[in-house]
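Here are some notes for reading the model alongside its sequence. Please keep the structure open while going through the points.

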Amino acid sequence: MEELNYHHIFSLALILVMVAAGITAAAKKLKQPYPIALVIAGAIIGLINIPVMQPYITFITEGEVFNFIIITLFLPALLGEAALKLPSSQLNENKKPIIALVLIGILISFGIIGFSSMWLLHLSIPAAFVFAAVMSATDPVSVLSIFKTVGVNERLSTIIEGESLFNDGVAVVLFTISAFSLLSYMELGVAGAGLGLWEFIKVVALGFIIGGTLGYVFSRLTKYFDDYPLEIIFSIILFYGAFLLAETLEASGVIAVVVAALILGNYGSEIGMSPATKLNISNFWDVVTLLANSLVFLIVGLEITRIDITDKWGLIFSAIFIVLIARSFAVYSSLMFIKEMPSSWRHILNWGGLKGSLSIALVLSLPRDFTGREDVLIMAFGVVLFSLVGQGLTIKPLISWLGVNKKAEGHVAFEALIAHVYRFKNAISEITKVKKNLFLTETVTKELIDEYEHKLAQLQDEIEILFQKYPNLKEKQQSTLLKHSLYAQHQAVESLLKEDIISNEVAEQQLDLITNKLVELENE
C-alpha cells in the first residue's frame, strides 16, 4: 500500500483553512451569509484548473475522505455545539411545532419524495426512498447565520434549529433502513412493516438512551472539577464518544450527540460549571464550529464540481421541484393545528428548510454498486446547490418582506439598556456568591456592589424615560410578561388535572381560554 504523505495532507488542511478563513472574513465584513459564499467559492475553485491545487482537490473530494470529514470529524462537533447552547426552556416552550415537524413533517416529506421519485423519475424503490431520506434532512447553518444578521425572533430560530437537530437524526435512520433493509421488509409484507417500524424505534430510542446516559454522567463529572480546560476536554469526549458509541451499537449517533449535549448544556452547566467555565466552553465551541462550517461548505463547493451533470438537467430540475413541493406539504400540514404560530413564520420555515453537507455525505456513503447511486448523487448535488444558493440568497429578502425582523422604534436603545442591566445584576450576584464561598469581608465587596447598584438605578431611570418616549416598548414588555403568566397558568391547570382535583371538562375549558389568549398575543 502506498504510504500516505502526512506532510502534504497537513499542507492541504492548512490551505483549505486559509481559503475558508479569507472567504468567511470577507462575507462577515460584507454582512452576507458565509456558507453561501463558501459554496460558490469552492465551486469556482473546483471549476478553474489550478495545477498546484488539483492533487489536493482530488484527495479531499474522494467519497470516503469527504464522508469521513463531514460525518465523523465535523458532524458531532456541529451538532454538539448547537445543542449545547440551546436552552431546554426554549426547547420546551416550542416543543409542539418542533415535535410536529420532526415526527409528522419528516414522514410526510419522506413519503412524498419517495413515491414521486418512483413514479415521476422512475427510480428503483430503494433509490427513491434513499433520495427521500437525504432530502428530508435540513441544515440550519446557513439560515441561522442569516437570522442573526437580520435579527429574527429568537423563538423562530429555536424552532428551526430544534427541528434540524432532531430531524437529521431521524433522516439518517430512514436513510439506513431505505438503503439496506427496505426491500427485505417489503418482501415480508405486514410483518416486514412491523419490523421496519421496530428497527426505526429501536435505533432512535437507543440513541436517546446512550446520549442521555453519557450526558448525565459527564454532567455529574463536571461537578467535581472547576477547571475549564479539563471541562472543555470532557465536552469533546462526550460529543465524539456519544456519536461513536451509538454508531458502534447500531443506534442513532446524531440523536445521541444532540441529547448528550442538551443535558450537558442545561443540567451540567447548572450543577457543575462556573460562569468562567461556561464562557470558555462556549468560546471554544464557537471557534471549532466556525472552522468546521467554513471547511464543510468550501468542501461541498469543491465536491459539487466533481459530478458530471451533462444531459441530467431535466432530472435535476424535477428533483428540485419535488423536494420543494414535499417541504411545503410537510411544513404547512404538520403545523396546521399549531395555533400559536404566525403564518409568516410558516413561510420562513418552509423556505428556510435548506439542504446541506449531511445530505451529500450520506449519498456518498452508499456502496459503489448501489442501484441508481449515480442518479441519486446527481439529484442530491443539484438540490443542495439550489438550496444553499437559491434559497439561501432569497431567505433574507423574504424575511424582510414578511416583516418578521421589524423592530419597534427605540428598540435598539432599549436592548442596550437591558443588556447593561443584566450585566450588572449578574455581576452583583456573582460577587455575593464569591463573598460567601471565599469568606470575603463586607469592606472588600461593598464598594463594588454599591457602584453597580448605583448604575442600575441610573439605568432604570433611563428605561422609564424611554418608555415615556416610546410607549410601545412598555406594551411589548407587558405582553411578554403576560405570556409568561399564561404559560404558568397553563401549567397550573395541567397540575390540577394530573392530581385529579379538577375534571377533564373544566380543565379543557380553562386550557382553551388560556390558549386562545396566547394566540391573540402572538398575532398582535
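**Notes on the predicted model**

1. An α-helix has 3.6 residues a turn, so residues three or four places apart point the same way.

2. Next, the end of that helix. Just after α21 comes D500, with a positive phi of about 60°. D500 is found in the loop between α21 and α22. Its relative accessible area is 66%, and D500 is therefore exposed, since exposed means over 50%.

3. E250 is not a glycine, yet its phi is positive, at about 60°. The loop between α12 (228-248) and α13 (253-272) holds E250. With a relative accessible area of 57%, E250 is exposed. As background, most residues other than glycine have a negative phi.

4. Which element gives the largest share of the lining of the second largest pocket? That element is α21, with five residues. The pocket holds about 580 Å³ of space. Elements giving two or more residues to its lining are α5 (88-93), α6, α21 and α22 (504-523). In total, 18 residues line the second largest pocket, and E93, K95, K96, Y487 and H490 lie nearest its centre. By type, the lining divides into seven nonpolar, four polar and seven charged residues.

5. Helix α2 covers residues 34-47, which makes 14 residues. From first C-alpha to last, α2 reaches 20 Å, close to the 20 Å expected at 1.5 Å a residue. Is α2 mostly covered or mostly uncovered? It is mostly covered, with 10 of its 14 residues buried. These are Y34, P35, I36, L38, V39, A41, G42, A43, I45 and G46.

6. S116 sits in helix α6 (residues 95-119). Its relative accessibility is 17%, so S116 counts as buried, the limit being under 20%. A polar atom of the S116 side chain lies 2.7 Å from the backbone oxygen of I112. Leaving out residues up to four places away in sequence, S116 touches L121 and I322.

7. L174 belongs to helix α9 (residues 154-180). L174 is buried because its relative accessible area is 8%, and buried means under 20%. Apart from neighbours within four places in sequence, L174 is in contact with I106, F110, A133 and F200. The C-alpha atoms of L174 and K498 are separated by 36 Å, and these two residues are 324 apart along the chain.

8. T213 lies in helix α11 (residues 190-222). T213 has a relative accessible area of 44% and is partly exposed. Its C-alpha atom is separated by 30 Å from that of G356, which is 143 residues away along the chain.

Terms used
Residues numbered from 1 in each chain as written. Predicted model: local features only at pLDDT ≥ 70, side-chain atom pairs only at ≥ 80, totals over all residues. Heavy atoms only, no water. Helix = DSSP H or I, 4+ residues; strand = E, 2+ residues; numbered from the N terminus. Expected span 1.5 Å × (residues − 1). Buried < 20%, exposed > 50% of the residue type's maximum accessible area, 1.4 Å probe, protein only. Polar contact = N/O pair within 3.5 Å; in protein donor to acceptor, adjacent residues only side chain to side chain. Contact = heavy atoms within 4.5 Å. 1 Å grid on protein atoms, 1.4 Å probe; cavity = no way out; pocket = protein on both sides within 12 Å on 5 of 7 lines; lining within 4 Å. Points joined across faces, edges and corners; volume = space filled by probe spheres on them. Nonpolar A, V, L, I, M, F, W, Y, C, P; charged D, E, K, R; others polar.
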